[in-house]
Amino acid sequence: MAKNIFYRSLMHIALTLSALFCLLPFLLLVAGSLTSEREIALSGYTFFPKELNLTAYEYLWRNSDQILRAYGITVFVTVVGTAAGLLITAMLAYPISRRDFPIRRQLAFYVFFTLLFNGGLVPTYMLYTTVFDIKNTLAALIVPYLLVNGFFVILMRTFFTSSIPGEVIESAYMDGAGEFLIFWRIVMPLSVPVLATVGLFVSIGYWNDWFNGLIFITDSKLYSIQNMLNRMLLDIEFMKRATQTNLTSVIADLPSRGMRMAVAVVGVLPIIAAYPFFQKYFVKGLTVGAVKG
Amino acid sequence: MTVRAERTARILKKYGALFIMTIPGVLYLFINNYLPMFGIVIAFKDYNFAKGILGSDWSGLKNFEYLFKTNDAYVILRNTILYNAVFIVFNTAAAVGLALMLYEVKNKILARTYQSLVLLPYLISMVIVGYLVLAFLNVENGFVNKSILPLLGMEPISWYNEPKYWPFILVIVKLWNSVGSLCVIYLAAMLGIDREYYEAATLDGANKGQQIFHITLPLITPVIIIMTLLAIGKILYADFGLFYQVPLDSGILQPTTNVIDTYVYRALIRLGDIGMSSAAGVFQSIVGFALVIVSNYIVRRIDPDKALF
């Protein structure tokens, strides 16, 4: 028995260390953003600054135009992309799920094949930039790669097949309801669980995406928050310019070391704040996705 | 009207609405996925902006010859495969270990807290990860150089200028980033094991260690094998964000941080070298496709339910 308790404590210590290993970088980021410029220069980013200092945040607050704009773009792209993506995905998945639909097998293969093989970055980039001229448009942040994923189509198809009774659709059809009406008024309301799961993953995908912005956007007015953070990370001069909207402030005063951490905190805060609310669905989605498409 | 045409008309009348419903999705996948597949021909052409993709002259395998003559080809292939192989080993071992421990935590709230925390790094973008790593490794103000190395009596290290440290850094960052998601999958597999096995084992006097090695691990081995095979199928695809954002796109670090995906990106966007970038990309697509097919074939032999097709 004593041996058992010993092992249990050892296990909890190991788990606590693992959890700390995952959490500590975030704490360092937050602590770094709250440390004064002088202290960072002297003793670097630390977990326990001697005194809490809000200069970096005050500075960001006073020069928040660019950041707010980037947030606006991220929110717009996430909302529009997720709504459109969910609708298109469901509209493709539903007919494939119908056992009587004539070309369901061919369509299922058409969707599935996109998961096995892809043309890669070069043809995709050239197609979108030369044929569709998508560079420096909001569409570039919404359409390429992220809008519809074959994997989610298959996931929804499986849900429709297993969870929507054929008799319900049949009887609505007998009552004279059209296919669109059945889809919208019967299938969609019955599919809230799968719509929520897919919607969560699609929206996290949009919120966190920086790749489309990296290859398609050069105009900093169209930067999403991730692209703005990306530029600031790789190019400290850009950060100084972007946070220098009122010309009266002197660039030498810029709390650039603390600010680098503060912008990252501002960028990551919303998703961490929302995490407790969607954690359950997130875990469920991860396991559903792994088991079977 | 012939019988055949009549039948087609009847089907169209009955299923017309369903056909229309599929149009946006079918069109999107055609543009976003199928057209680029045909775009693979670019790799076999001497691309000329004025002539366009279809008008450019064929060049056979010249682009591939040039690519494989460079030292870059060796470096990116080696890095991509080695890193992914090491990631598979470390992440699987850590995730299974973590899942075994989480499985034993009976307190629901505590179990959920542990799980949420290890999943947290998976939720954020690689850009943020770049910032987090910078807070540790910054040459002048980083936590490692300012707080840890002085404790050990060591001189500061210029992390972002020394390629030799990056294999270790990237393996740790990848582990940190993705162990949670893998752990959730293995934990789900463990929770699916029938409790009766354990009850019977306890009656027979088996201790915890014996139960782990003779019940839990053997029963989740198929899942481990399948996850590993699927990962091997994707071994030519690197995590672009990890290799681009975390080393801060540093040129000096490229000997140990350049992978196929970063090479294609830089050749295309920075240098505008369509020939080299498309050759590397097409190599990745075609060999990657073959690997997916082979690994899926093996998965199907083990457990048809877990196979992709």
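Visitor: Where is Leu222(A) found?
Guide: Leu222(A) sits in the loop between helix 12 (211–216) and helix 13 (225–234) of chain A. Helices (H or I, at least four residues) and strands (E, at least two) are DSSP runs, numbered from the N terminus.

Visitor: How are the residues and chains labelled, and what kind of model is this?
Guide: Residues are numbered from 1 along each chain as its sequence is written, while chains are lettered from A and ligands numbered from 1 in the order in which they are written. The model is predicted, so local features need pLDDT of at least 70 and side-chain atom pairs count only at pLDDT 80 or more, whereas totals for chains, interfaces and linings use all residues.

Visitor: Why does Leu222(A) count as buried?
Guide: Because Leu222(A) has 20 C-beta neighbours inside 10 Å. A residue is buried if 20 or more other C-beta atoms lie within 10 Å of its own, exposed if 12 or fewer, and partly exposed in between, with C-beta atoms placed from the backbone.

Visitor: Which residues does Leu222(A) touch?
Guide: Leaving out residues up to four places away in sequence, Leu222(A) touches Ile73(A), Asn136(A), Leu138(A) and Ile217(A). Contact means that the C-beta atoms of two residues, placed from the backbone, lie within 7 Å.

Visitor: New topic. How many residues does each chain put into the contact?
Guide: Chain A gives 77 residues and chain B gives 71 residues. On the side of chain A that touches chain B, helix 1 (residues 2–33) of chain A gives the most, with 13 residues.

Visitor: What are the residues on that side of chain A?
Guide: They divide into 53 nonpolar, 20 polar and four charged. Ala, Val, Leu, Ile, Met, Phe, Trp, Tyr, Cys and Pro count as nonpolar, Asp, Glu, Lys and Arg as charged, and the others, Gly among them, as polar.

Visitor: And the confidence?
Guide: The predictor gives the complex an ipTM of 0.91 and a pTM of 0.92.

Visitor: Where in chain B is confidence lowest?
Guide: In helix 2 (residues 52–55) of chain B, at a mean of 82. Helix 11 (residues 240–245) of chain B is highest, at 96.

Visitor: How many helices and strands are there in chain B?
Guide: Chain B has 14 helices and two strands. Of its 309 residues, 39% count as buried.

Key:
pLDDT is the predictor's confidence in each residue, from 0 to 100.
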